[in-house]
Structures are given as C-alpha cells and as structure tokens.
Amino acid sequence: MLDLFAEEPAWREPLADGAAILWRFAIRDASALLAAIETLSAQAPFRHMVTPGGYSMAVAMTNCGASGWVSSRSGYCYTACDPLTGAPWPKMPPLFLTLAVAAARAAGYENFHPDACLINRYSPGAKLSLHQDKDEYHFDAPIVSVSLGLPAIFQFGGLRRADPLSRHYLDHGDVAVWGGSSRLFYHGIAPLKNGHHPEAGAWRYNLTFRRAAKEE
Ligand code: SIN
Ligand code: FE2
C-alpha cells in the first residue's frame with residue numbers, strides 16, 4: 001500500500017487540505033528580515049489601526065508591496081498608498097519576495113505572485129482574534145505567513161467560525177501556508193506570552209504575503 005505520509009518531510013506538517021506549517025523554513029533569512037522590517041518601518045511606521053467598530057487593534061501594523069492592507073472606520077481594504085504618509089507603501093524587498101515564493105512552492109503552490117506583505121508586530125498580551133482573510137480580489141493564491149521573534153500560538157479552524165481549532169506553536173523562522181480548500185479557513189493568534197527574544201526583544205513580528213489586487 002502506498003503510504004502518502006511517508007513522503008512528508010519532517011520540516012513540513014500538514015494542517016488541512018491545502019495548508020501546512022514549514023518548520024524553520026525562514027530561519028536562515030530571519031536576521032535579514034528583522035533588519036529589513038526596521039528599515040521599512042522607518043518609512044511606513046507601525047500603527048494601531050482602528051477597526052470598523054471603532055476599536056484600536058492590539059497588533060501594530062504596516063505594509064510593503066504594491067498593495068497594503070488597511071483597516072479604518074470605513075472598513076477593510078487594500079491601498080497603494082500609506083494613509084499615514086500619503087506615499088506609496090515601500091517596495092517589497094527582493095528577499096521577502098523570494099522567501100514567500102519559495103515557501104508557497106514548498107507547500108505545493110507554484111507561481112505565487114504576492115503583491116502585498118502585511119507586517120504585524122505583537123507585544124506581550126496582544127492577540128489577533130479569529131478571522132478569515134477575505135479582502136483580496138482572488139482567493140486562488142495562498143497565504144504565506146512568516147513568524148519572527150517571540151513565539152505564539154496559531155489557531156487554525158475551518159470555514160465556519162465555530163469549527164474546532166487546532167493550535168500550533170509558531171516560533172522564530174516558522175512559516176505557515178494555507179490556500180486551496182483551506183484558503184478561507186478561520187485563524188488567529190492567542191495572546192502573546194511575555195518573553196525576550198535574542199534578536200527581536202519583546203516582540204513578535206509576522207509577515208503575511210498575499211495576492212491582493214486584481215491585476216498583475
Ligand atoms: C494574520 O492572520 O494576518 C496574521 C497571523 C500571524 O500573525 O501569524
Ligand atoms: Fe489573517
């Protein structure tokens with residue numbers, strides 16, 4: 001009998017159909033990614049965006065790439081310019097793009113062309129409530145999510161908010177990818193525990209790569 005699981009390398013853990021964690025996939029790039037976040041956030045600062053309901057988000061965010069995710073009183077959308085500075089979002093560094101494309105490929109997605117990289121910054125206590133990523137024009141491209149700095153518990157559910165959650169400890173350099181039939185699965189981040197990371201201090205950073213806009 002063909003044992004499909006025997007084909008699965010130790011660094012890749014399937015989460016659901018179309019979804020996997022690539023353990024430490026970004027570890028060799030991690031220091032350079034953190035340095036790039038520093039440079040990018042000098043141009044487009046981290047800010048606590050306001051939700052449509054009027055709450056300030058616990059996670060601080062910024063973006064790079066042609067499209068940047070924005071939340072405000074009027075809703076969620078992607079914009080070409082940073083509403084804070086009026087300037088276009090900083091370009092996506094080649095290192096980011098190469099990593100995102102390689103991670104997508106390692107999870108079974110060829111030809112991933114991300115135009116958006118949301119940069120999340122969590123301090124201890126910050127969480128990201130269960131949500132679906134559904135502000136993108138196409139849902140045929142996967143989501144590639146890179147964890148840096150302090151570890152966090154990633155919650156991964158199903159198509160309905162009430163679906164059971166699996167919990168995964170994501171550490172510095174780990175990458176989660178979901179797409180295909182799990183593209184719209186609910187997911188979130190549990191409140192970050194206190195800690196100190198040798199390279200990132202008291203922060204967790206997350207890079208979320210997406211294909212957001214209609215056109216190439
Ligand atoms: C997200 O869902 O956009 C981010 C998830 C994470 O921080 O790992
Ligand atoms: Fe998300």
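Before reading off any burial, I note that a residue counts as buried under 20% relative accessible area. I also keep in mind that this is a predicted model.

Entry one, the metal site. I looked up the donors of the iron ion (ligand 2) and found His 131 through NE2, Asp 133 through OD and His 187 through NE2, at 2.1 to 2.2 Å. Along the chain these donors follow the spacing H-x1-D-x53-H. Asp 133 sits in the loop between strand E7 (128–131) and strand E8 (143–149), while His 187 belongs to strand E12 (residues 187–189), so this pair ties together parts that are 54 residues apart in sequence.

I then asked which arrangement the 4 donor atoms form around the iron ion (ligand 2). The angles they subtend run from 89 to 176°, and I therefore recorded the arrangement as irregular.

For accessibility, I noted that Asp 133 has a relative value of 4% and therefore counts as buried; His 187, at 5%, counts as buried too.

Entry two, the cysteines. I looked for disulfides, taking a pair of sulfur atoms within 2.5 Å as the criterion, and the count came to 0. Cys 64 is in no disulfide, and its nearest cysteine sulfur, that of Cys 117, is 4.0 Å away.

Technical notes
Residues numbered from 1 in each chain as written. Chains lettered and ligands numbered in written order. Predicted model: local features only at pLDDT ≥ 70, side-chain atom pairs only at ≥ 80, totals over all residues. Heavy atoms only, no water. Donors = N, O, S within 2.8 Å, 3.2 Å for Na, K, Ca; no water. Tetrahedral: all angles 85-135°; square planar, octahedral: opposite > 155°, others 65-115°. Helix = DSSP H or I, 4+ residues; strand = E, 2+ residues; numbered from the N terminus. Buried < 20%, exposed > 50% of the residue type's maximum accessible area, 1.4 Å probe, protein only.
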